[in-house]
Amino acid sequence: MFAKFNEMIENEDNSKTDLLENLKELARTISIYDQMKVAGELRENLDDIQGPLKEEFYKVYAKYFVVRITEVRDNDDDFEGETFDFDEFVKSVVNLETNYNEPIEEDGKSSEEFKRIYTAISLYTTFVLDEPIHPVGTKFPGHLEVEYHDGVYYCPVKKNNEDNPRAVCQFCIAEQMEYD
């Protein structure tokens, strides 16, 4: 699955157009059944979250994670001549490939389908769209949410997850939100 991304690294290719084509190729391998399976996994994985935040999380993750793979597949935007941060791309591909190659957990939190979608959406939002992986408005405990001000995305939980090797916070473009 990572051959095309590693080829881009070998060729020092930081073209958004090339990355999008590789992501579209990956997205075409993800069926509606894969998306439905991952949506079910997401719902199950939110069992630890209580109250109305649980449903809010599910809506956001289902829309911007599972359904967004269709957006990747159908994206015909013209990124000709646009590039991304190559060094960050290299780090992210290494991180994602390492996580992808970890054994699938028995609790189903990292199925093959989940890992493929996770990889595609993480690279797409970060390096093609220049957006944070969690969209603006994503709510977190404490009534905090991802925000956008003056051209900068802010996340209330980035710093808490930067050392987590499984989290994509390390290469997400959002900055840590300062709060009291």
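Arg116 is found in helix α6. The model examined here is a predicted one. The points below begin with this arginine, then turn to the nonpolar core and the salt bridges.

- Leaving aside neighbours within four places in sequence, Arg116 is in contact with Met1, Leu26, Thr29, Ile30, Asp34 and Tyr100.

**The largest nonpolar core**

- The largest nonpolar core has 46 residues, and those touching the most other members are Phe5, Leu19, Leu23, Phe65, Phe89, Leu123 and Val128.
- At least two residues of this core come from each of α1 (3-10), α2 (16-27), α3 (32-45), α4 (52-74), α5 (86-100), α6 (112-128) and β4 (152-155).
- Helix α6 supplies the largest share of this core, namely eight residues.
- Val128, apart from its neighbours within four places in sequence, is in contact with Lys16, Leu19, Leu20, Leu23, Phe79 and Leu123.

**Lys16 and its salt bridges**

- Eleven salt bridges are found in a search of the whole structure.
- In one of them, the side chains of Lys16 and Asp130 meet at 2.5 Å, N to O.
- This pair ties together parts that are 114 residues apart in sequence, because Lys16 lies in helix α2 and Asp130 in the loop between α6 and β1 (139-140).
- Lys16 counts as buried, with a relative accessibility of 2%, whereas Asp130 is partly exposed, with a relative accessible area of 40%.
- A network of salt bridges links Lys16, Glu82 and Asp130.

**Further salt bridges**

- The side chains of Glu55 and Arg43 meet in a salt bridge with an N to O distance of 3.3 Å.
- Glu55 counts as partly exposed at 35% relative accessibility, and Arg43 counts as partly exposed at 37%.
- The side chains of Lys139 and Glu145 also meet in a salt bridge, at 3.0 Å, N to O.
- Lys139 counts as partly exposed at 32% relative accessibility, and Glu145 counts as partly exposed at 27%.

How values were computed. Residues are numbered from 1 along each chain as its sequence is written. This is a predicted model: local features need pLDDT of at least 70, side-chain atom pairs count only at pLDDT 80 or more; totals for chains, interfaces and linings use all residues. Side-chain values use heavy atoms; hydrogens and water are left out. A nonpolar core is a set of buried Ala, Val, Leu, Ile, Met, Phe, Trp, Tyr and Cys residues joined through side-chain atoms within 4.5 Å. Buried means under 20% relative accessible area, exposed over 50%, partly exposed in between (1.4 Å probe, protein chains only). Helices (H or I, at least four residues) and strands (E, at least two) are DSSP runs, numbered from the N terminus. Contact means heavy atoms within 4.5 Å. A salt bridge is a side-chain nitrogen of Lys or Arg within 4 Å of a carboxyl oxygen of Asp or Glu.
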